[in-house]
Each structure stands twice: as C-alpha cells, then as structure tokens.
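Colleague: I am new to this structure and would like to learn how to read it. Could you take me through a few features, with the general idea before each case?

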Amino acid sequence: MRKHIVAGNWKMNNDLAQTKSLISELKKQHQTSNAEVMIAPSFTNLMSAFEALKGLEIQVIAQNMHFAESGAYTGEVSADMLKSIGVQTVILGHSERRAYFNETDELLAKKVDSALKSKLRVIFCFGEELKDRKAGNHETIVESQIKNALFHLKANAFESIVMAYEPVWAIGTGETASPEQAQEMHAFIRKTLANEYGKEVADSISILYGGSVKPSNAKEIFSKPDVDGGLIGGAALNAEDFYAIVNAF
Ligand code: PGA
C-alpha cells in the first residue's frame, strides 16, 4: 500500500557507541508521524539498534545483502540472516553499491528475488548519472534500471517493493533535484510501472526521492503528488535534521 516513508541511510558511519548515542538523540525527537520512519545502521549495529529502539515505531533496516541463501561467500550477509534478527526491510541497488561494488541490474534482480523469497521488503534504488541527465537520457536509463531488475516479477511482488529514485549527481553533493525534476521523474516511474503492471499496482507503490534532502527542502519535495517520501543520507546522521525531514509530512 502506498505510504509515506522517511528512511535514514547511515552508510558506513557510526560505530557502536555512536549508534547508541544517535539513537538516544532520535528518541528525544521522536513523535507520532504520518510517515513510516526507518534507519539503516551498519550490519554490526543492527542488533543494538533493535534493542535501543524497542517499543518505538522506528524500523531498523539493512543497507545491503547477498543474493545466495548461504554458502562460501566470505564477508557477506544473507536475507535469512537479516530476517533472523528481525530485519524486515533491505535497501538494494544503492548507487554506491552499483559504483564501488559493481552491482549490475542482473545481480540486483537476483538480490531482489532472494529478499522477496525471505519475505523482506525491498527499497530498490536507481537513478541516472549527471552525464545521462545532461544528454537527456535520464528517463531511458531509469526505465532500463527498473525493467532489468524488477520486470521479471509478478504484479503481487510489488506489495513488497518501495522504489527510491536517487539521481547520482544529487547524492552527497548538496545539489538536489528540483521538486519539479523529482515530480517529473516520479510520474515517469509510475507511468512505466502502470504500462507493465496496470494503474492499480503503479498507484499503490511508494516512490521515495533521495539526494541531498535536508530540512530546508524536504517540505517542497514531499509536497509533490508522486513523491511519497525520502531516502536520506547525510541529514540522517543528525537527529534534529532527520526529524525535521520526517515532520515535513
Ligand atoms: P544524501 O544521500 O542525502 O547524503 O545525498 C542520499 C542517499 O545516498 O541515499
């Protein structure tokens, strides 16, 4: 079902002590909100995040996982491992995973299948690079990223998928897509989904925007009709900023 979601992607930040301290700051800011609130600490801090957040409506989610169920994949973590500690949602396809760890659409299709098989919800990230936008290819790129990784799925699988449009040129750069650029792309994403799976499916999917969302621009971005929330990097590392974004709904 289409919902408002604000998810903080902590990336490779915060050791155990810093995780505990940021969570205690988040608890001070927490209030009932119109949006589902999520944080994604690193693997090593997931358990302590769960413990620290017991009873609060802040979900603890994972930043990544491997596609295999188990086996000789040194250093990797499987969907079932995440599931076994209570994780219910995983971020897949983040542009940093694509750029630094060579994650391709084909690999991501396998990860999506594995996550769904283990009944994890997926926040699926995609987005064009600056050169694509400059060349006017942004819609073609986004369409192919979505098709290649997701269009083998049956329509009902989309109940467990959240889309996250993150233009690479806006991630961690301070440069944000304008609310109009975000709306235009989100509407295109919904249309692409509608063409393949029908309007009902397309209208039921949450599409998040990510890329330099901050307290000063969240309200305007979230006010756009096809923007259902945000995936927040830098600003998620500060409890006040993060909650200013959550409260922008
Ligand atoms: P940013 O990161 O908010 O720091 O731009 C967003 C993301 O990578 O999800």
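**Reading helix pairs and the fold**

Modeller: Let us begin with handedness, where a crossing is left-handed if the near helix is turned anticlockwise from the far one by less than a right angle, and right-handed if clockwise; the crossing of α1 and α2 is right-handed. The residues that make this contact (heavy atoms within 4.5 Å) are Leu16, Lys20, Ile23 and Lys27 on α1, together with Ser48, Ala49, Ala52 and Leu53 on α2. Please keep in mind that this is a predicted model, in which local features need pLDDT of at least 70 and side-chain atom pairs count only at pLDDT 80 or more, whereas totals for chains, interfaces and linings use all residues. Residues are numbered from 1 along each chain as its sequence is written, and side-chain values use heavy atoms, with hydrogens and water left out.

Colleague: At what angle do the axes of α1 and α2 cross?

Modeller: Axes are lines fitted to C-alpha atoms, for helices over the stretch in contact, and angles run from 0 to 180 degrees between N-to-C directions. Helices (H or I, at least four residues) and strands (E, at least two) are DSSP runs, numbered from the N terminus. For α1 (residues 16-29) and α2 (residues 46-53), the axes come within 10 Å and cross at roughly 30°. Angles under 35 degrees count as roughly parallel, over 145 as roughly antiparallel, 65 to 115 as roughly perpendicular and the rest as oblique; α1 and α2 are therefore roughly parallel to each other.

Colleague: How are α5 and α7 packed?

Modeller: Helix α5 (residues 105-117) and helix α7 (residues 138-150) pack at about 45°, with axes 7 Å apart, and they are therefore oblique to each other. Their crossing is right-handed.

Colleague: Is phenylalanine 50 buried, partly exposed or exposed?

Modeller: Buried means under 20% relative accessible area and exposed over 50%, with partly exposed in between (1.4 Å probe, protein chains only). Phenylalanine 50, which lies in helix α2, counts as partly exposed because its relative accessibility is 22%. Leaving aside residues up to four places away in sequence, phenylalanine 50 touches Val60, Ile85, Gly86 and Val87. Between phenylalanine 50 and glycine 86 there are 8.1 Å in space, C-alpha to C-alpha, although they are 36 residues apart in sequence.

Colleague: What share of the residues in the protein chain is buried?

Modeller: Buried residues make up 53% of the 249 residues. The protein chain has eleven helices and eight strands, and its C-alpha atoms fill a box of roughly 45 × 45 × 35 Å, taken along the principal axes.
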